[in-house]
Amino acid sequence: MLESILEYQKKDAQLVAIEREIAESKAKKVVNQMASFVKSAQQKLVVIEKNASSLLEEFKKISEEFYADVKKVESLSKKKYETLDKDELKACEKEANDLVAKLLVVEKNIASLSKKIKDTLNDFDVTKDQGMKAKQRHTQGLNSYNELVKSKQVEIDKLKKELEELASKTDKKFLTKYQKMREDKKFPVFVPLNANSCGGCSMELPSSQLNKIQENGMLECENCHRIIYIPKK
Ligand SMILES: [Zn+2]
């Protein structure tokens, strides 16, 4: 009974090796890296867009302020100064000076805002460009990943068929346990007793457990839940 599941596991190890080769391939890494790169570029673009729209809003506000002040200057310049007395002239002069001072500040703000907008738009273009390139590399990676899988397909199919045959000769209870652990990426599932320790996780078995394994020939490891068996000498 144990022999058949061990034989199954031995054959399955070949399939596990191929699956690992595929999962740890450069192509798979590129696919994963580029996928996360594309995602973060997209997130960054959303932030930049929000930023740009609030900058534009601010720009609109400042521009309106600027034109309102320009209008005030215009109306000041249209005044008939010959009809004004001394105090009124002084008041006009003060208003003109204040307006000029304010316009200088507004002008400065507009210049700095323009620069910010320009930088933001540039940032948007750069990020978009990087995102597009990452997308291309993602597609290329995906293509080579698919090619790799395709190149292994014959071997995979052959192993699967052989495993199916072996499965029919294997105890169903063992097989169910095996498949579950295999899905959890625990491999190998059946491990030999290795000098009183689990051959999977190396935990030393307490004497009560050692007695049990001597009695039954096998035992589930309390630590890693693999099945420990006593190897044939
Ligand atoms: Zn263990």
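Q: Given that domain bounds come from an automatic or database domain assignment, how far apart do the C-alpha centres of domain 1 and domain 2 lie?
A: In this predicted model, domain 1 covers residues 16-169 and domain 2 covers residues 189-229 of the protein chain. Their C-alpha centres are separated by 58 Å.

Q: Why are α1 and α3 called roughly antiparallel?
A: Helix α1 (residues 2-23) and helix α3 (residues 86-168) pack at an angle of about 170°, and their axes are 10 Å apart. Angles over 145 degrees count as roughly antiparallel, and α1 and α3 are therefore described in that way.

Q: What makes α1 and α3 a pair in contact?
A: Contact requires heavy atoms within 4.5 Å. Residues of α1 including Y8, L15, I18 and I22 meet a set in α3 that includes Y145, L148, I156, L159 and L163. By class, this contact of α1 with α3 has 12 nonpolar, one polar and eight charged residues.

Q: Which protein atoms are the donors of the zinc ion, and how do they qualify?
A: The SG atoms of C198, C201, C221 and C224 lie 2.2 to 2.3 Å from the zinc ion. Along the chain, the donors follow the spacing C-x2-C-x19-C-x2-C.

Q: Why is the site of the zinc ion called tetrahedral?
A: The angles among its four donor atoms are 107 to 114°.

Q: What is the omega value of the cis peptide bond between F187 and P188, and where does P188 lie?
A: Omega of this bond is about -5°. P188 belongs to the loop between α4 (172-183) and β1 (190-194).

Conventions:
Residues are numbered from 1 along each chain as its sequence is written. This is a predicted model: local features need pLDDT of at least 70, side-chain atom pairs count only at pLDDT 80 or more; totals for chains, interfaces and linings use all residues. Side-chain values use heavy atoms; hydrogens and water are left out. Domain bounds come from an automatic or database domain assignment. Axes are lines fitted to C-alpha atoms, for helices over the stretch in contact, and angles run from 0 to 180 degrees between N-to-C directions. Helices (H or I, at least four residues) and strands (E, at least two) are DSSP runs, numbered from the N terminus. Angles under 35 degrees count as roughly parallel, over 145 as roughly antiparallel, 65 to 115 as roughly perpendicular and the rest as oblique. Ala, Val, Leu, Ile, Met, Phe, Trp, Tyr, Cys and Pro count as nonpolar, Asp, Glu, Lys and Arg as charged, and the others, Gly among them, as polar. Donors are N, O and S atoms within 2.8 Å of the metal (3.2 Å for Na, K and Ca); water is not among the atoms, so sites may look incomplete. Four donors count as tetrahedral if all angles lie between 85 and 135 degrees; four count as square planar and six as octahedral if opposite donors are over 155 degrees apart and all others between 65 and 115; anything else is irregular.
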